[in-house]
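The following briefing is intended to be read alongside the sequence and the coordinates. Its points are grouped by topic.

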Amino acid sequence: MGAERIPWYKLDNAGALYSALQREEYSAIYRFSAVMTEPVVPEALQRAIDRCMPRFPGFAVRIRRGLFWYYLEPNRAPGPFLKKDIADPCQPVRFHEDNGWLVRFYYYEHRISLEVFHALADGAGALVFFRSLLAAYLRELGHDIPCGRAAGILDPEQPPRIEEMEDAYARYAGGPSARGMYPPRAYQNTGTPESYYTFRVTMGFMPLDQLREKAHARGASITEYLCAVLMQVILQKQHRERPHRELPVALAIPINLRAFFPTDTLRNFIATIRPCVDPSLGEYTFDEILAQVRYFMKLHANRQELRTAFTRNVRFTTAPLLKIIPVFLKNPLIAVNYRLMGTRPYSGTYTNPGVFSVPDAMRPHIHHMEVILGQATIPRVHCSSISYGNILEVTFAGVQAETDTEREFFRFLIREGIPVKVESNRPGA
Amino acid sequence: MPYCVNCGVELSAAASVCPLCHTPVWHPAEAEETAQPPFFPTNREEVRPVSKRALALLASAMLASAALCCRILNFFLRPGQDWWLYVAGAAVMLWIWFVAPLLARRIPLWGRLTLDVFAVGIYLFVISLATGGDWFFHLALPILSVAAVLVFSLSFLLRDRRRSRLSGIALTIGTAGLFALGIEFFADRYLFGDWKPGWSLVVLTICIALIIPLRVVRRMPSLRDEARRRFHM
């Protein structure tokens with residue numbers, strides 16, 4: 001009898017990037033939390049996790065370091081185990097700790113949290129997993145929650161489908177790839193880093209209907225509106241610092257490619273666009289910034305441009321020269337490339353997974369949703385938002401001591417007439 | 001339901017300060033409402049320190065193997081001279097510099113500096129034994145002593161966190177100038193028996209010429225702000 005053959009999965013190009021970059025000072029981990037209406041029952045939640053993990057093989061993996069690339073293989077170690085929540089979320093992933101699990105589950109009072117290493121899945125894929133987990137948890141508590149792919153709830157009793165593990169980048173990449181030099185440097189919006197590992201999270205909760213009304217009154221979507229507010233805040237912050245020359249302010253906005261390229265994958269399938277405002281050209285009013293963002297997104301979020309953007313990334317990972325470089329030499333190369341392509345041209349990240357929709361039977365059990373992005377490669381804030389029911393939650397998360405960006409962001413919304421409730425893990429808050 | 005009087009945002013009932021602007025919060029119903037659990041958990045998960053033992057073992061093995069290989073090579077290559085001792089001495093010095101701090105992280109800075117200086121001294125002494133001559137006691141040891149005094153003083157001065165970056169740079173430049181003076185003093189005494197100030201005075205003058213504008217910028221707030229703006233600090 002021969003030894004059992006262990007299957008393995010190739011990382012997609014986003015996964016290859018996050019694996020190469022992972023270190024103690026950077027966390028490619030993001031967190032989704034559901035705050036329930038009742039306190040969490042940990043035993044029921046652990047049972048739900050145990051039922052769901054086999055249904056989502058893309059999350060039940062460990063990462064291995066090959067000679068040329070990292071790769072994934074099924075994790076047969078015990079776990080993952082539910083843990084009590086901690087004050088500093090999204091801690092960097094350590095490949096050899098926690099039995100190699102790349103997903104983490106936490107509970108605290110009414111809150112259920114899922115943390116995912118970005119090499120496994122993007123937010124859309126992780127939300128399908130999380131929604132299915134919440135449904136399984138509520139079923140464990142005796143509630144009748146239906147399954148259905150249309151509702152984004154997968155049945156844990158069914159076998160996994162091969163389409164959910166598809167590398168959609170490889171499927172759709174082709175044609176011309178984006179060319180040109182590295183994007184120009186943007187204002188970095190950095191602050192003073194806190195002591196290791198202190199992760200500051202500030203959340204703002206606001207009524208979705210009032211925010212939507214304000215955004216629509218200016219002819220914009222909520223994403224465009226919040227993106228413009230963030231850009232204005234960063235522009236003003238740079239201006240207050242009185243630099244010799246003001247740099248452009250640009251945001252990294254991840255776009256879910258599933259809306260443009262049909263796929264059922266739960267793995268990564270996003271591309272980033274870069275709305276930008278250059279203050280060296282003159283002062284911008286808020287409406288002008290909003291117009292810049294709105295038209296930029298309408299102009300550039302299309303199939304053709306997005307395809308050329310991710311085709312370049314796919315070709316980068318499939319370049320013959322890069323393929324034969326050992327992984328320990330490749331990691332610094334990828335890190336330098338990420339610094340030039342992923343850090344230097346941006347002032348921050350803003351991601352909005354949108355509305356967290358659930359079937360009617362689940363609705364009364366969830367109070368609101370939260371999302372947190374992990375630590376950036378440099379000490380600056382990441383901004384993210386998610387909505388559930390009539391509550392929109394905006395998170396600013398980072399390792400910096402200063403609160404300038406989030407303070408001015410929420411003050412702007414207050415001045416706009418939108419009530420905001422703020423919660424933070426900062427001392428005294 | 002408290003609100004920040006500065007930002008206008010609603011705050012948690014348990015908040016003592018606004019998390020955005022640090023304005024203190026006072027509300028009469030505090031005693032009743034803070035009984036609720038905090039919104040975020042407060043238990044901090046201890047981050048395990050990175051295992052430096054394995055790194056120390058790897059570095060030790062590399063240094064030991066370099067010394068051992070050279071010892072073996074010395075049997076065949078110029079066997080009359082014990083040149084492998086230079087490599088072995090360098091390996092010991094590097095071990096004390098880099099591996100010892102990995103194994104004993106609680107050594108204070110002055111302890112580490114003492115060890116480092118001691119390691120350099122031992123290495124130079126080994127070389128002097130191999131090469132012969134009195135240069136160790138009359139040249140190397142005095143220069144090493146000057147370097148040790150200057151490094152100790154500089155590290156002591158730079159430990160004050162209130163010291164500005166400009167002052168730190170000025171102190172470092174000044175120390176470099178004094179060190180050049182010390183080298184020439186002892187080199188002249190050893191080689192010619194008398195000190196004839198030459199190149200070290202040029203170095204010291206350049207250092208002073210660099211320090212003066214730094215001190216001026218440091219002392220004048222308007223210039224300091226201008227420098228900050230120009231260098232985007």
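**Domains of chain B**

In this predicted model, the centres of domain 2 of chain B and domain 3 of chain B, taken over C-alpha atoms, are separated by 29 Å. Nine residues from domain 2 of chain B and eight residues from domain 3 of chain B take part in the contact between them. On the side of domain 2 of chain B that touches domain 3 of chain B, seven residues are nonpolar, two are polar and none is charged.

- The division of chain B places domain 1 at 1-37, domain 2 at 52-132 and domain 3 at 134-233.

**Confidence**

- The model has an ipTM of 0.81 and a pTM of 0.74.
- For chain B the mean pLDDT is 85, with 91% of the residues at 70 or more.
- Among the elements of chain B, the lowest mean pLDDT (56) belongs to helix H1 (residues 30-33) of chain B, and the highest (92) to helix H6 (residues 165-191) of chain B.
- Where pLDDT is low, predicted coordinates should not be read in detail.

**Contact between chains A and B**

- Chain A contributes 30 residues to the contact and chain B contributes 25 residues.
- Two elements of chain A, helix H11 (404-415) and strand E16 (421-424), each give two or more residues to the side that touches chain B.
- The most comes from H11(A), which supplies five residues to that side of chain A.
- By class, the residues of chain A on this side comprise eleven nonpolar, seven polar and twelve charged.
- Strand pairing also links the chains: E16(A) and strand E1 (residues 10-11) of chain B pair in the parallel sense, over two bridges.
- Within this pairing, Glu10(B) in E1(B) is the residue opposite Lys421(A).

- Strand E7 (residues 111-117) of chain A is largely enclosed by the rest of the structure, because seven of its seven residues are buried.
- Arg111(A), Ser113(A), Glu115(A) and Phe117(A) point one way from E7(A), while Ile112(A), Leu114(A) and Val116(A) point the other way; all are buried.
- In a regular strand, side chains alternate between the two faces of the sheet.
- Strand E2 (residues 29-36) of chain A pairs with E7(A) in the antiparallel sense, over seven bridges.
- Strand E6 (residues 103-108) of chain A is also antiparallel to E7(A), and six bridges join the two.
- Glu115(A) in E7(A) is the bridge partner of Arg31(A), and Glu115(A) also stands opposite Arg104(A).
- The hairpin of E6(A) and E7(A) has two residues between the strands, and Glu109(A) in this hairpin takes a positive phi near 50°.

- Strand E3 (residues 61-65) and strand E4 (residues 70-74) of chain A run antiparallel and are joined by five bridges.
- The hairpin that joins E3(A) to E4(A) passes through four residues.
- Across from Ile63(A) is Leu72(A) in E4(A), and across from Arg62(A) is Glu73(A) in E4(A).

**Nonpolar cores**

- The largest nonpolar core has 116 residues, of which Val116(A), Leu133(A), Leu134(A), Cys227(A), Leu230(A) and Met231(A) touch the most other members.
- Helix H3 (residues 123-140) of chain A gives the most to this core, namely eleven residues.
- Another core, of nine residues, lies apart from it and has Ala168(A), Tyr169(A), Tyr172(A) and Leu306(A) among its members.
- Not counting residues up to four places away in sequence, Leu230(A) touches Leu251(A), Gly348(A), Tyr350(A), Cys383(A) and Phe409(A).

**His300 of chain A**

- His300(A) belongs to helix H7 (residues 286-300) of chain A.
- His300(A) counts as partly exposed because 16 C-beta neighbours lie inside 10 Å.
- Not counting residues up to four places away in sequence, His300(A) touches Ile273(A) and Glu305(A).
- Arg274(A) is 26 residues from His300(A) along the chain, and their C-alpha atoms are separated by 9.1 Å.

Note on methods: Residues numbered from 1 in each chain as written. Chains lettered and ligands numbered in written order. Predicted model: local features only at pLDDT ≥ 70, side-chain atom pairs only at ≥ 80, totals over all residues. Pairing = 2+ DSSP bridges. Core = buried A, V, L, I, M, F, W, Y, C linked by C-beta atoms within 7 Å. Buried ≥ 20, exposed ≤ 12 C-beta atoms within 10 Å, placed from the backbone. Contact = placed C-beta atoms within 7 Å. Domains from an automatic or database assignment. Nonpolar A, V, L, I, M, F, W, Y, C, P; charged D, E, K, R; others polar. pLDDT = per-residue confidence, 0-100.
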